[in-house]
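The following exercises are to be worked through with the structure in view. Each task is followed by a solution in steps.

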Amino acid sequence: MIYFDNSATTFVSDSVRAKLQELTEDAVSANPGALHKLGNRAIEVYEGIRRETAQLLGAKPEEIFFTSCATESANTAIKGYMSRNKRAGNAVISTRTEHKATLECLEYLAKLGYEIRYLKVGMDGKPTAESLEEELGKGDVALACFTLVNNETGSVLPFENISKTIRAVSPSTAIYLDCVQALGKMPIDLSKLGADMCSFSGHKIHSIKGNGVLYVKKGVRIDPLILGGGQQDGMRSGTQSPVLAGAFLAALKEVTTGIDESRGKVKEINDYLRKELSDRGARILSPDDALPYVLNVSFEGFESETMLHCLEIYDIYVSTVSACSAKQKKVSYVLLEMGVDRKTAANAVRLSFSRHNTMEEAHEFIKCVDQIYEQFLVR
Ligand code: PLP
């Protein structure tokens with residue numbers, strides 16, 4: 001099997017499996033809110049996990065909240081910020097290339113009467129500097145929402161420049177940053193990054209599904225999305241799960257080790273596939289300077305889904321548009337927004353790699369593409 005669908009989700013690593021075993025033992029399974037000593041043990045373990053997670057992300061423990069997924073983190077950050085800071089402004093800036101977790105929150109805000117200003121993006125998937133200055137210059141911007149690495153193309157946001165512009169033109173604007181596809185693939189130090197709120201997802205970094213992280217910078221006030229017993233400082237009620245938080249931490253430890261080495265290895269795979277696929281007439285849609293973990297390719301003569309199923313015959317797994325919307329059979333809104341024509345976008349397939357993929361798999365992939373061309377391409 002060749003699994004090139006790591007942006008959709010990753011396989012669970014051995015260290016996560018071991019952690020799950022350890023943290024489901026009776027001795028640490030009491031309710032972390034319980035007053036007895038078993039409860040004390042569980043909350044101690046949980047808070048230890050929170051401290052270590054914060055440290056690895058360059059945050060303070062009280063800035064880290066465990067959630068069920070990045071979608072929950074995004075909803076909490078975006079809706080929670082606008083709900084709590086009503087006098088900060090009536091506008092939000094973002095792009096139409098965001099993940100649905102962000103876009104649907106923005107739609108929700110629009111229905112409440114907020115003005116959503118979408119910046120123009122170039123062929124490289126990055127918002128243009130002119131568009132950013134223009135929309136910020138109109139004033140009243142409470143929040144800016146962006147994604148550090150695009151899930152469909154690997155396009156990397158020039159976040160340093162963007163945050164500098166925002167701080168210079170509109171210092172009161174808060175920044176939410178989706179870091180889901182960046183985590184473990186580029187160094188992230190939240191103390192220096194310049195974002196006020198960030199989201200992360202466990203299942204994209206070889207943890208199990210069901211765990212995410214929300215970072216909220218100290219001093220930034222947001223309303224909680226989930227109300228209840230007031231756990232996690234009231235930010236996210238619901239009985240804390242040392243198991244899920246521990247799984248996230250185990251995965252985080254692994255992917256934040258040897259980032260440069262893994263990236264070099266993945267770049268070799270990406271470079272090879274870019275060249276070989278281009279030589280065969282496929283069109284590379286990921287920008288040249290994209291993070292090498294994602295390679296968006298359009299295969300002329302094959303609709304996205306057809307190519308996906310052809311590859312599946314060879315036990316190779318890729319995706320069309322992002323997995324959560326793949327079943328709706330839509331052409332990628334991200335590619336269309338970047339200016340890719342509809343026909344090219346309709347033939348696009350996303351290959352996404354993890355640190356565990358190999359050059360042997362890349363060679364095998366190309367061999368199978370050749371066979372698919374030979375068998376199925378009508379010239
Ligand atoms: N943001 C990006 C960029 C993603 O790729 C994804 C998942 O596809 C999400 C957010 C949502 O993550 P989760 O599945 O943890 O809700």
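This is a predicted model: local features need pLDDT of at least 70, side-chain atom pairs count only at pLDDT 80 or more; totals for chains, interfaces and linings use all residues.

## Exercise 1: A sheet

**Solution.** 
Step 1. Consider the pairing of β9 with β10: the two run antiparallel and are joined by two bridges.

## Exercise 2: Two domains

**Task.** State which residues belong to each domain, and describe how many residues of domain 1 and domain 2 are in contact.

**Solution.** 
Step 1. The domain assignment places 2-10 + 258-376 in domain 1 and 14-255 in domain 2.
Step 2. The C-alpha centres of domain 1 and domain 2 are 27 Å apart.
Step 3. With contact taken as heavy atoms within 4.5 Å, 30 residues of domain 1 touch 33 residues of domain 2.
Step 4. Together the domains bury about 2,800 Å², of which 54% lies on carbon and sulfur atoms.
Step 5. On the side of domain 1, Y333, E337 and M338 lose the most area to domain 2, and together they account for 22% of what that side buries.

## Exercise 3: Polar links and elements at the interface

**Task.** Identify the salt bridge between domain 1 and domain 2, and name the element that gives the most residues to the side of domain 1 touching domain 2.

**Solution.** 
Step 1. Side chains of opposite charge can pair when their charged atoms come close.
Step 2. One salt bridge is counted between the two domains.
Step 3. D289 and K126 form a salt bridge, with their closest N and O atoms 2.5 Å apart; D289 falls within the bounds of domain 1 and K126 within those of domain 2.
Step 4. The interface also holds 17 residue pairs in polar contact.
Step 5. At least two residues each come from α9 (259-279), β10 (294-298) and α12 (333-338) on the side of domain 1.
Step 6. The greatest contribution to that side is made by α12, with five residues.
Step 7. By class, that side has 14 nonpolar, ten polar and six charged residues.

Notes: Residues are numbered from 1 along each chain as its sequence is written. Side-chain values use heavy atoms; hydrogens and water are left out. Domain bounds come from an automatic or database domain assignment. Buried area is the accessible area (1.4 Å probe) that two parts lose on being put together, summed over both. A salt bridge is a side-chain nitrogen of Lys or Arg within 4 Å of a carboxyl oxygen of Asp or Glu. A polar contact is a pair of N or O atoms within 3.5 Å; within protein, one must be able to donate a hydrogen and the other to accept it, and residues adjacent in sequence count only if both atoms are side-chain atoms. Helices (H or I, at least four residues) and strands (E, at least two) are DSSP runs, numbered from the N terminus. Ala, Val, Leu, Ile, Met, Phe, Trp, Tyr, Cys and Pro count as nonpolar, Asp, Glu, Lys and Arg as charged, and the others, Gly among them, as polar. Two strands pair if DSSP finds at least two bridges between them.
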